[in-house]
Amino acid sequence: MDLIVILVVVGIIIVGGIILIGMYNGLVQARLRVKEAWSGIDIQLKRRSSLIPNLVETVKGYAAHERETFENVTRARAQLDNAGTAQQAAQANNMLTQALRSLFAVAEAYPDLKANVNFLELQRELTDTEEKIAYARQFYNRNVLDYNTKTQTVPTVFIAGMFGFTQEEFFEVEDEADRADVNVSFDRSVPAGNVPPAAPPATPPAGTPPSSP
């Protein structure tokens, strides 16, 4: 009988150990997925940051007097480059978005700038980067939600506390106004299907002879 009890106790310990190891490994994997997802955001933020100097210099060529706008963009870019956490990066990215909106508002007043080949290419690359940041942010936040849920729910919350698994920060915009991407489109053409009908030809007054071909 004693042998059976011992075997049962040993079996319970082994099963419990396997369960604990599985929960620990699950937390490790979830945390690694968060780091991997963050690298996707970081790459796009660095790409966005690398576009800013050329963009500012291009606009300066047409609107050199807009010094405050350029300084705001440069300051926001520096804060983004120096961000150490996801929350700091999100705040700096929001500031940069607002500064870029002001920069493109300045560009609206310069038709020659809007037609500049270099400016158009920067505009295209910035738009593409904004879209990739949005996708990367969604992927990262989903992984953070999964990881944070594991660190706060039973039974993994006990393992998280024992081994120092702390919550990760979400990468979020601050308000609804910041949720829209930077508007970098200067297309003023009328969308297809909405072209207004051409005005009908004027009817010549009665008695007026037809014009010669």
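**Salt bridges, a pocket and a cis bond**

Glu57 and Lys60 pair up in a salt bridge, with their closest N and O atoms 3.8 Å apart. (A salt bridge here is a side-chain nitrogen of Lys or Arg within 4 Å of a carboxyl oxygen of Asp or Glu.) Because they sit three residues apart in helix α1, about one helical turn separates Glu57 and Lys60. Keep in mind that this is a predicted model: local features need pLDDT of at least 70, side-chain atom pairs count only at pLDDT 80 or more, and totals for chains, interfaces and linings use all residues. Residues are numbered from 1 along each chain as its sequence is written, and side-chain values use heavy atoms, with hydrogens and water left out.

**Salt bridges**

- The structure has nine salt bridges in total.
- Arg33 and Asp146 make one of them, with the closest N and O atoms 3.4 Å apart. This pair ties together distant parts of the chain, as Arg33 is in helix α1 (residues 2-60) and Asp146 is in helix α5 (residues 117-152), 113 residues apart. (Helices, H or I with at least four residues, and strands, E with at least two, are DSSP runs numbered from the N terminus.)
- Arg33 has 34% relative accessibility, so it counts as partly exposed; Asp146, at 33%, is partly exposed too. (Buried means under 20% relative accessible area, exposed over 50%, and partly exposed in between, using a 1.4 Å probe and protein chains only.)
- Arg47 and Asp128 also meet in a salt bridge, at 2.9 Å from N to O. Here again distant parts of the chain are linked: Arg47 is in helix α1 and Asp128 in helix α5, 81 residues apart.
- Arg47 is partly exposed at 26%, and Asp128 is partly exposed at 22%.

**The largest pocket**

- The largest pocket holds about 150 Å³ of space. (On a 1 Å grid over the protein atoms alone, a pocket is an open set of points where a 1.4 Å probe fits, with protein on both sides within 12 Å along at least five of seven lines; lining residues have an atom within 4 Å of a point. Points are joined across faces, edges and corners, and the volume is the space filled by probe spheres set on them.)
- Its lining includes Trp38, Asp42, Lys46 and Ser49.
- Helix α1 gives the most to this lining, with five residues.
- The lining splits into six nonpolar, three polar and three charged residues. (Ala, Val, Leu, Ile, Met, Phe, Trp, Tyr, Cys and Pro count as nonpolar, Asp, Glu, Lys and Arg as charged, and the others, Gly among them, as polar.)

**Arg77**

- Arg77 is found in helix α2 and is partly exposed, at 24%.
- Leaving aside neighbours within four places in sequence, Arg77 is in contact (heavy atoms within 4.5 Å) with Ser49, Ile52, Pro53 and Leu96.
- Arg77 and Ser49 are 28 residues apart along the chain, yet their C-alpha atoms are separated by 6.2 Å.

**A cis peptide bond**

- The peptide bond from Val154 to Pro155 is cis, with omega near 5 degrees. Most peptide bonds are trans.
- Pro155 lies in the loop between α5 and α6 (156-163).

**How confident is the predictor?**

- The mean pLDDT (the predictor's confidence in each residue, from 0 to 100) of the protein is 84, and 81% of its residues reach 70 or more.
- Over residues 185-213 the pLDDT is below 50, and this stretch has 11 contacts in the model beyond near neighbours in sequence. Where pLDDT is low, the predicted coordinates should not be read in detail.
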